[in-house]
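User: I want to learn how to read side-chain features in a structure, one at a time. Please give the general idea first and then the case at hand.

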Amino acid sequence: MEFNFFFIIILLILALCGVSHASADLPAEVHWKSVFPHTSMPKALKHRLLQPAAGNKPWVVTRKEDSINDGDYGNADPSMGFGRGSIISRTNITMYFFENDLYPGKKVKLEYFSKAKARNEVPFLSRRVAESIPFSSDEFPGILKLFSLKPESREAKAMNRTIAMCERRVIEGEDMYCATSLESLVDLSVRKFRNDIQVLSSEVEKETENQDFSVANEGTILMGEKDIVCHKMKYPYAVFLCHSLDKTAAYRVPLVGKHGTKANALAVCHRDTSAWNPNHIAFLLLKVKPGTVPICHFLMRESLVWVPNGFAH
């Protein structure tokens, strides 16, 4: 990979500008406190404000780049259609399931869920820096030059797909935006729900190679029936594609691995899929038609869900 590491370092220095000493709040943390003065920033967000550890590559795509790998265990684009050949290699993992499958003892196979090395640990840039960097398909050749990437590289293809996803048309009942900084992620979410909200993420007790889990007996919790799901996209710095779909429920699902590893996973269930592409992979896998039954999928640990406070039951 041919990343311009000098450019990455400059971006990170600019992102940290305004910090006079090690204990000072980063600009994004100041913004968070101004919006949520009584709520600590979740770890899933806070760790993305920091510079990657010395010796780590800022970003690299390790998985095959294809449309099915976009956006968690489900595809983040409900308007996208797939050929039937797409499902052949995906039948052994839990991509989609029915809402009534969320019962104790239900077995699920979650690829990459518990492996730290599969996570994309790139940091947020400050809003000022992020907004100074081109982010559009029209400017993509210049973006590749900025990051010293060849068009045929795996990283370039991943970036191109991310921008295309951020520019796609929404379907009926969907709101969508892409956030390129923590400040914009917070502001755009608050714009929809105001500031009486909380942000959730999936958590695993410890890193493990195990992909096999069962729904635990503690009970699944319905966290909200209005939500914004933010999918971590593949890009050299943190970019989240956030969207809300009408009639969508968010659940916190306790899981236990075959070796005893505990996890709290997030799952979303789309209760109205009538506007989805009839050739979406969810319908091919579950052998149902659009708008007939609720369709659910788990979220990877990099993803976030915003829900109104005080709903959980």
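User: Is D212 buried, exposed or partly exposed?

Analyst: Burial is read from relative accessible area: under 20% is buried, over 50% is exposed, and anything in between is partly exposed, with a 1.4 Å probe and protein chains only. D212, at 27% relative accessibility, counts as partly exposed. Keep in mind that this is a predicted model, in which local features need pLDDT of at least 70 and side-chain atom pairs count only at pLDDT 80 or more, while totals for chains, interfaces and linings use all residues. Residues are numbered from 1 along each chain as its sequence is written, and side-chain values use heavy atoms, without hydrogens and water.

User: Which residue forms a salt bridge with D212?

Analyst: A salt bridge is called when a side-chain nitrogen of Lys or Arg lies within 4 Å of a carboxyl oxygen of Asp or Glu. The partner of D212 is K109, with the closest N and O atoms 3.3 Å apart. K109 belongs to strand β2 (residues 107–109) and D212 to strand β6 (residues 212–215), so this pair ties together parts 103 residues apart in sequence. Helices (H or I, at least four residues) and strands (E, at least two) are DSSP runs numbered from the N terminus. K109 is partly exposed, at a relative accessible area of 26%.

User: How many salt bridges does the rule give?

Analyst: The count comes to 8. One of them joins R127 and D187, at 2.9 Å from N to O. R127 is in helix α4 (residues 127–130) and D187 in helix α7 (residues 182–193), so the bridge ties together parts that are 60 residues apart in sequence. R127 is partly exposed at 25%, and D187 is partly exposed at 24%.

Helix α7 also holds K192, whose partner D175 sits in strand β3 (residues 174–179), 17 residues apart. D175, at 44% relative accessibility, is partly exposed, and K192 is partly exposed at 39%.

User: What is L45 in contact with, leaving aside its neighbours within four places in sequence?

Analyst: Contact means heavy atoms within 4.5 Å. L45 touches W32, F124, L182, L185, V199 and L304 in this sense.

User: How is a pair of aromatic rings described?

Analyst: It is described by the distance of the centres and the angle of the planes. Rings of Phe, Tyr and Trp (its six-membered ring) pair if their centres lie within 6.5 Å; planes under 30 degrees apart are stacked, over 60 edge-to-face, and the rest tilted. The whole structure has 8 aromatic pairs. In one of them, the rings of W32 and W306 have centres 6.4 Å apart and planes at 40 degrees, so the pair is tilted. W32 is in helix α2 and W306 in strand β13, 274 residues apart. W32 is buried at 3%, and W306 is buried at 0%. Together with F36, these two residues form one aromatic cluster.

User: Last, the disulfides. How many does the structure hold?

Analyst: A disulfide is a covalent bond between the sulfur atoms of two cysteines, and it is identified by sulfur atoms within 2.5 Å. There are 3 in the structure.

- C166 and C178 are joined at 2.0 Å, S to S, and the link is left-handed, with -90 degrees about the S-S bond.
- C230 and C242 are joined at 2.1 Å, with a right-handed link at 115 degrees; both cysteines are buried.
- C269 and C296 have their sulfur atoms 2.1 Å apart, and 105 degrees about the S-S bond makes this link right-handed.

User: What is the pairing of the bonded cysteines, numbered in sequence order?

Analyst: The pairing is 1-2, 3-4, 5-6.
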